[in-house]
Amino acid sequence: MRTKLFYALAAPLAAIAVALVISSIVLVIAGSNPLDAYSNMWEYGSRLETLIETLNRATPLYLSGIAVAIGFRMNLFNIGVEGQYILAAIVAAKVGAEVNLPPVLHVTVIVLSAMIVGGFWAGIAGFLKVTRNVHEVISTIMLNIISTAGIVSYLLGVWDVPDAGLDTAIKEIPESGWMPSLNGIVELFTREIERVELWGFILVAVVVGILYHVLLSRTRVGFDLRASGENATAAEVSGTNPKTMVVTAMVIGGAVAGLVGLPELLGSSHAYNLRFTQGLGFAGIAVALLGRNNAVGVAIGAFVIGWLDRASGVLEVRGDAPREIVAIMTGVIILAAVVAYAIVERRRRAEEAADAAAATTVAQEVTHVGNGEGGGS
Amino acid sequence: MSDRDSAFPDLTNSYRRLVGTPRNGQNGRSWRLWVLGGLGIVFLLSVTQQFAKLPTSDLTSSGTWTIALAWSVPILMAGLCGIFSERTGIVNIGLEGMLILGTWFGAFGTIEYGPWWGMVMATIAGGLGGALLALAAVTFNVDHIIAGVAINIMAPGITRFLASIHFPDRGGSITQSTTISGVSNFSLPFLAGGTIGGWRSPDILGRIESWDWFFVSDLAGMARGFVWQMSWLTLVAILVVPASVFLLWKTRFGLRLRSCGENPHAADSLGVNVYKYKYFGVILGGALAGFGGGFLSVQLTGIYREGQTLSKGFIGLATMIFGNWRPLGTALGALLFGFAETLRLRDPSAAHGLLLLTVIGLVILIARALTRRRVQVAGWLGATAALILVWYLSTDSVPNQLPRITPHIAVLVLLIFATQRLRMPAADGQPYRKGEGG
């Protein structure tokens, strides 16, 4: 019998090893030395500033991963985080720019409006699934495009303010709606940080992670959610309405998705503009897959993907390779991870079955020896 | 045709019960339905054109439909990709990624060796994408959707990486290639004025179209769109449709392939190598998607540009569902999406006219709901129709984002109304391991 820890670590480590091998092959084909590339990446990536940037990237990735993971726990595939967070970001930015409130309340209003928009947009997919049996994968993909290419693009045109100069941007949120940087706290433990600021929203992400863990493992709703995901019929018999659970899971996932754009919005850009980071929703799927829907696992996944994204910039500067190698690495890590998880899972099940079989044989022998008393195991 | 079929009614029926023959084109009644449906669509477009607030003749012109046909090819190929893999039981979300691979390899091959070789490379690249999906979903039994999503994340990374290596030296950049030219076009002789050995034949449909008669000219214009100035690659793509129908429903091979998607354990017990068929279906599907992607960059846009697929793969997946996992219905759906795409590119005023078309379509649905005494449904439809009509009458143009997202709204609406009556392959999306369960 192998330990639980072995099974938890085997798959991600195997995935990273495979990704390193494949990336090395690609780098060699591209005509550069993989060892140089990796050591450059490591050297640049272990700087304090790069690590801060990594955390700034990992924060939205984590939220996005959790949003996807909530659906996964219920056997729902929410591919729509992309559309949900971008729509939520532009609407929340507009709300934040239009209202005038004292500091903490202002941020709260922005956060709540983003969650409501995200929840609503995801809720459409949930509603269509339970009423019309429309598969959530297709509906969320369609809603993504309707949101990003349709509504957001339209709103950006309508809300565009002329004084943004060449940039297409909507009105900026007043300073009471910003989130302070955490550089001061980090500097207590380290040296002075140059150029970059650690976005304060990382604290919200931590809270979301804790809530996610508590909600799913420690509450009735969480239990029902997981139960309906694993066996809808059994859950229904035990008194859970699977339709309600589908809509609930989609709405909660969408509400978390609504937060994905906020670290950037409240931390640095303070307005929705054309350069607003896109693609975090899709990356979130990768993060959730890597982290196996586990609150800590998703955090590690978000950090790894975020680090690759930030540290890869040096490859181009040093002339090692185009930084796009990271996109391949990410893809390979994900595919390798899911394959590795599938294999490890099968091995674990096989071993469990073998153990169970061995235990039953022993138990049978025991009962035979004891002339059938007790039985039952 | 219908006589011959009705001579063996029992045989036909039992066969149909056994393997689920396509309703498309199998007997006289569906042929009549298809023809009537087609004429009905032409009629609707003619009427819309007559009453449109902004004058347009683009809804039925041969120019529009030539382009619509071409733009429907990537979607059609994606849809067929979906059919081939889902008929073997593998859900293929990764076809968007295979399409993306096709766009890059098509462009690269065209720059290096010319358009035909470009298309060959695109097809192979798509097939390799399919092989990767098959490896994950069939051999390693990874959840199909997760494997597909992983491919969709990986494919843009691969193309961007390759583009950053190859295209800057070849007049392009990291995100796009230099412009490329596709294969040549042809027109059918007599029907659309094609040439035979240098002699220019009369253009019969073109003549009728120029008369500008209600319905008749519209019909001729649309028909001419399918035979005039068509690229050879489009012809190849069109021929894939009957070839797929034949392969899947008229051969033993096709029957076995479909049996893997319906009941793989039963198929296995009859000696069918289920893994082999699943691999074949997914790889062939990937190759088709790669062709579709190549067509998009090589023939349609004449350039590789990052993100140019605009989720056509997913739209293809939706047309597959719309077509009930059958090629002909999928082709029709693809054509509708190609048409919507064309209006967006060609004529914004015609896009405005689409609002009116929607209203007319809704009125027909209302009438249908009323004859079936579904008053509540009719009420909802009526309210929607009224809103769109007000919108139509109070504006002269639609926001330019609307035509872009029209296909996606249409997919949603279509699924809302259609999913109840569709039947996907019974074992679609389910993991399969030889000898486990049944």
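This report walks through a predicted model, from its overall build to its core and chain contact.

## Ground rules

Residues are counted from 1 along each chain as its sequence is written, while chains are lettered from A and ligands numbered from 1 in the order in which they are written. Because the model is predicted, local features need pLDDT of at least 70 and side-chain atom pairs count only at pLDDT 80 or more, whereas totals for chains, interfaces and linings use all residues.

## Chain A at a glance

Chain A has 16 helices and zero strands; helices (H or I, at least four residues) and strands (E, at least two) are DSSP runs numbered from the N terminus. Its C-alpha atoms fill a box of roughly 90 × 55 × 40 Å along the principal axes. Of the 377 residues in chain A, 46% are buried, a label for residues with 20 or more other C-beta atoms within 10 Å of their own, against 12 or fewer for exposed and anything in between for partly exposed, with C-beta atoms placed from the backbone.

Contacts here mean C-beta atoms, placed from the backbone, within 7 Å. Among those in chain A between residues at least 6 apart in sequence, 75% join residues at least 24 apart.

## Confidence

pLDDT is the predictor's confidence in each residue, from 0 to 100. Chain A averages 86, and 95% of the residues score at least 70. Over residues 372-377 of chain A, pLDDT stays under 50. Where pLDDT is low, the predicted coordinates should not be read in detail.

## The largest nonpolar core

A nonpolar core is a set of buried Ala, Val, Leu, Ile, Met, Phe, Trp, Tyr and Cys residues joined through C-beta atoms within 7 Å. The largest one holds 227 residues, and Ala337(A), Val338(A) and Met77(B) touch the most other members. Helix H16 (residues 325-369) of chain A supplies the largest share of this core, 16 residues.

Beyond neighbours within four places in sequence, Val338(A) is in contact with Leu289(A) and with Val142(B), Ile146(B), Ala147(B) and Ala150(B).

## Where the chains meet

The contact takes 35 residues from chain A and 35 residues from chain B. On the side of chain A that touches chain B, H16(A) gives the most, with 12 residues. That side has 27 nonpolar, six polar and two charged residues; Ala, Val, Leu, Ile, Met, Phe, Trp, Tyr, Cys and Pro count as nonpolar, Asp, Glu, Lys and Arg as charged, and the others, Gly among them, as polar.

## A residue in chain B

Val240(B) sits in helix H10 (residues 232-250) of chain B. Val240(B) counts as buried because it has 20 C-beta neighbours inside 10 Å. Leaving out residues up to four places away in sequence, Val240(B) touches Leu80(B) and Leu288(B).

Definitions and conventions
Two residues are in contact if their C-beta atoms, placed from the backbone, lie within 7 Å.
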